[in-house]
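The sequence and the structure are shown first.

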Amino acid sequence: MTKPMGNTLTAIALAAVAFGTVATADESADLVINGDQEMTIRTAAPAHLSDVMDEINSGWLYRKDETQLLQMDDFDNPGMIFVDLAQDAWNAVDGSEDKSCASCHDNVEETMKGVRAVYPKWNETAGEVRTLAHQINDCRENQMGAEKWKYTGGKMTAMEALISVQSRGMPVDVAIDGPAQSTWEQGKEMYYSRTGQLELSCANCHEENYGNMIRADHLSQGQINGFPVYRLKNSKLNNAHARFKGCVRDTRAETYKPGSADFVALELYVASRGNGLSVEAPSVRN
């Protein structure tokens with residue numbers, strides 16, 4: 001299936017972002033981490049995307065060679081520093097209940113395997129879709145008696161990375177049916193809604209123009225299977241809602257609050273677009 005080439009972009013958007021067609025990465029490359037862990041970075045699109053694209057691709061494919069190489073070895077991956085820091089936090093007692101994460105969950109390598117692959121997910125007790133960050137804060141507040149972490153803060157994002165790396169290589173498998181469906185539908189509507197002074201939607205860039213250039217950046221499909229992501233641009237680990245906030249801001253629109261119901265819905269929908277790709281976190285991007 002041939003993807004459209006931006007014919008729906010408005011004149012003002014074209015003038016502002018100047019899409020091009022210069023490639024900057026080897027899109028035929030394969031991602032193997034530490035020489036032996038193969039990642040699925042291209043696969044058939046999930047059924048709910050079959051009318052708009054045949055194949056889904058990891059954002060790793062759209063990075064320059066030197067950026068791709070950083071993710072291929074944990075010794076070179078700057079995101080792994082934060083994983084090590086979170087390992088210390090996992091074992092540290094905090095809060096009024098004198099508990100650590102390990103008090104309930106023991107060995108993170110065993111108990112957290114597969115967790116990242118299914119988030120966001122419906123929480124039956126809370127009666128809502130929750131992100132991994134929400135669940136971390138729920139544990140801190142209600143199990144440990146500790147203060148919540150800032151949703152996009154360094155401690156939270158590092159803990160997300162520690163939990164996520166236990167699922168690395170496993171396929172994203174986010175449920176979008178049952179009680180989560182209405183939230184998913186809300187996220188889908190947001191994904192295709194034009195917003196801001198530039199009147200751009202997520203789809204304008206990441207569905208209609210992936211593989212093209214937006215200024216100096218090589219547009220990807222906007223997959224979030226690699227989050228949390230170490231961004232070379234700001235030299236830190238970033239979670240998905242921090243990136244959503246930046247994208248909305250770039251359309252010159254008033255953005256949503258990280259952790260809000262709106263961004264939860266968007267995360268659920270965007271995560272489902274990557275169903276079948278490997279969990280890569282922590283990945284490395286521009």
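## Overall form

The structure is a predicted model. Its protein chain contains 11 helices and 12 strands. The radius of gyration is 19 Å, close to the 19 Å given by the globule rule for 286 residues, so the chain is as compact as a globular protein of that length. Along the principal axes, the C-alpha trace spans about 60 × 40 × 35 Å.

Of the 286 residues of the protein chain, 51% count as buried. Among contacts between residues at least 6 apart in sequence, 71% join residues at least 24 apart.

## Helix 7

Helix 7 covers residues 154-165. Because 10 of the 12 residues are buried, helix 7 is largely enclosed by the rest of the structure.

The buried residues of helix 7 are Met156, Thr157, Ala158, Met159, Glu160, Ala161, Leu162, Ile163, Ser164 and Val165. The elements that cover them include helix 3 (80-91), helix 4 (101-105), helix 5 (108-111), helix 6 (132-144) and strand 11 (236-238).

## Helix 6

Helix 6 has 13 residues, which at 1.5 Å a residue should span 18 Å; the end C-alpha atoms are 17 Å apart, which agrees. Its buried residues are Leu132, Ala133, Gln135, Ile136, Asn137, Asp138, Arg140 and Met144. Their cover includes helix 4, strand 6, strand 7 (128-130) and helix 7. Just after helix 6, Gly145 adopts a positive phi of about 65°.

Thr67 belongs to helix 2, which comprises residues 65-71. Is Thr67 buried or exposed? Its relative accessibility is 4%, and Thr67 therefore counts as buried. Leaving aside residues up to four places away in sequence, Thr67 touches Leu232, Val284, Arg285 and Asn286.

## The largest pocket

The largest pocket has a volume of about 1,200 Å³. It is lined by 43 residues, of which the closest to the centre are His206, Leu219, Arg243, Cys247 and Asp250. Two or more lining residues come from each of helix 8 (181-192), helix 9 (202-206), strand 9 (217-218), strand 10 (229-231), helix 10 and helix 11.

Which element supplies the largest share of this lining? Helix 10 does, with six residues. By class, the lining of the largest pocket comprises 20 nonpolar, 13 polar and 10 charged residues.

## The second largest pocket

The second largest pocket holds about 330 Å³ of space. Of its 20 lining residues, the closest to the centre are His105, Met112, Gln135, Cys139 and Ile163. Among these, Gln135 is one of the buried residues of helix 6, and Ile163 is one of the buried residues of helix 7.

Helix 4, strand 6 (121-123), helix 6 and helix 7 each contribute at least two residues to the lining of the second largest pocket. The largest share, seven residues, comes from helix 6. The lining divides into 13 nonpolar, five polar and two charged residues.

Rolling a probe the size of a water molecule over the atoms shows where empty space is left. How many cavities of 30 Å³ or more does a search of the whole structure find? The search finds two. The largest cavity contains about 130 Å³ of space. Its lining has 16 residues, and the closest to the centre are Arg116, Leu132, Glu160, Ala240 and Glu267. Helix 6, helix 7, helix 10 (240-250) and helix 11 (261-273) are the elements that give two or more residues to this lining. By class, the lining of the largest cavity has 10 nonpolar, three polar and three charged residues.

The second largest cavity has a volume of about 30 Å³. Its lining consists of Arg116, Val172, Gln223, Ile224, Asn225, Val270, Ala271 and Gly274. Four of these residues are nonpolar, three are polar and one is charged.

Conventions: Residues numbered from 1 in each chain as written. Predicted model: local features only at pLDDT ≥ 70, side-chain atom pairs only at ≥ 80, totals over all residues. Heavy atoms only, no water. Helix = DSSP H or I, 4+ residues; strand = E, 2+ residues; numbered from the N terminus. Expected span 1.5 Å × (residues − 1). Buried < 20%, exposed > 50% of the residue type's maximum accessible area, 1.4 Å probe, protein only. Contact = heavy atoms within 4.5 Å. 1 Å grid on protein atoms, 1.4 Å probe; cavity = no way out; pocket = protein on both sides within 12 Å on 5 of 7 lines; lining within 4 Å. Points joined across faces, edges and corners; volume = space filled by probe spheres on them. Nonpolar A, V, L, I, M, F, W, Y, C, P; charged D, E, K, R; others polar. Rg over C-alpha atoms; globule rule 2.2 N^0.38 Å.
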